[in-house]
Amino acid sequence: MSGRADRAAWLVDPQAQCGTPPEASRPHRLVLLGAPGVGKGTQAALLASRLGCCHLSTGDVFRAARLQAPCDRTPALNAAISAMERGELVSDETVLQIIAERAGCLRCAGGFLLDGFPRTLAQAQALEELLDAEHVRLDAAISYELPMQLVVARIAGRRVCPGCKAVFHVQGQPPRRAGYCDACGTALVQRDDDHPRAVRVRLQAYQRTTAPLTHFFEHRGLLRVVPADGSPEEVFSRTLSLLGVREPVTVRR
Ligand code: AMP
């Protein structure tokens with residue numbers, strides 16, 4: 001099984017099949033860290049396209065599960081979706097179960113970018129054990145950093161396309177036709193957890209549980225800090241130079 005553009009295995013379930021990875025140059029295996037709204041998802045999409053590895057987001061798994069009928073979901077997944085809608089973190093137990101079911105994606109020869117996982121120390125330790133057991137080595141944990149008031153402004157203006165998942169910003173990256181996706185024309189929406197009350201809860205959760213992860217990865221010599229101010233292209237270029245990626249890498253999507 002491998003992670004490819006359709007991300008079937010990651011988003012659907014452990015039995016799902018992705019496409020076959022093409023002949024790989026060196027696969028990249030990265031963890032992306034950063035407060036909600038810092039632009040991590042945008043960087044993940046750019047990196048995945050450039051490096052050819054799969055963008056694996058636990059948030060995407062929960063959002064995909066929300067589209068299923070409640071009776072088709074496990075009780076753990078229903079509890080996870082309720083927590084997400086309140087802006088709270090999903091329990092470690094549920095998240096780790098979701099990851100364990102998708103361990104094949106971590107073994108994929110094409111590499112991976114983990115976005116939104118790990119989010120707690122317990123999750124980071126579990127990831128380390130899982131990768132050790134699979135004899136897979138993490139290359140780096142990239143931490144995108146931005147002052148908190150800029151984070152809040154970015155989240156408040158974020159709009160997403162429920163059709164093709166494209167992300168816009170009412171000021172920073174507006175669609176050509178206000179309110180509609182440039183790529184597929186679907187009406188844009190604000191994510192439930194981007195509403196102000198949920199944003200406050202998410203930022204508090206981030207400070208309490210996720211920020212300490214930078215120390216975890218720093219201690220292992222894996223932490224790479226990238227200032228997340230400026231345009232997505234500027235942040236992307238900083239990320240590539242920090243990873244030592246200079247020459248264009250074959251796009252495998
Ligand atoms: P994201 O798209 O990464 O911002 O995730 C959206 C929401 O999904 C979060 O606010 C959490 O409620 C939940 N979530 C995603 N990943 C995790 C995780 N690793 N641990 C706990 N909750 C998570």
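Buried here means a relative accessible area under 20%, exposed means over 50%, and partly exposed lies in between (1.4 Å probe, protein chains only). The structure is a predicted model, in which local features need pLDDT of at least 70, side-chain atom pairs count only at pLDDT 80 or more, and totals for chains, interfaces and linings use all residues. Residues are numbered from 1 along each chain as its sequence is written, and side-chain values use heavy atoms, with hydrogens and water left out.

Side chains of opposite charge can pair when their charged atoms come close. A salt bridge is taken as a side-chain nitrogen of Lys or Arg within 4 Å of a carboxyl oxygen of Asp or Glu. By this rule the model holds 13 salt bridges.

One of them joins R137 to D139, with 3.5 Å from N to O. R137 is exposed at 59% relative accessibility, whereas D139 is buried at 15%. Another pairs E101 with R102, whose closest N and O atoms are 3.3 Å apart. Here E101 is partly exposed, with a relative accessible area of 35%, and R102 is buried at 4%.

R158 and D194 also form a salt bridge, at 2.9 Å from N to O. This pair links distant parts of the chain, 36 residues apart: R158 belongs to strand β5 (residues 158-160), and D194 to the loop between β6 (167-169) and α9 (196-210). Helices (H or I, at least four residues) and strands (E, at least two) are DSSP runs, numbered from the N terminus. Both R158 and D194 are buried.

Salt bridges can also be followed through a network, which links R66, E85 and D192.
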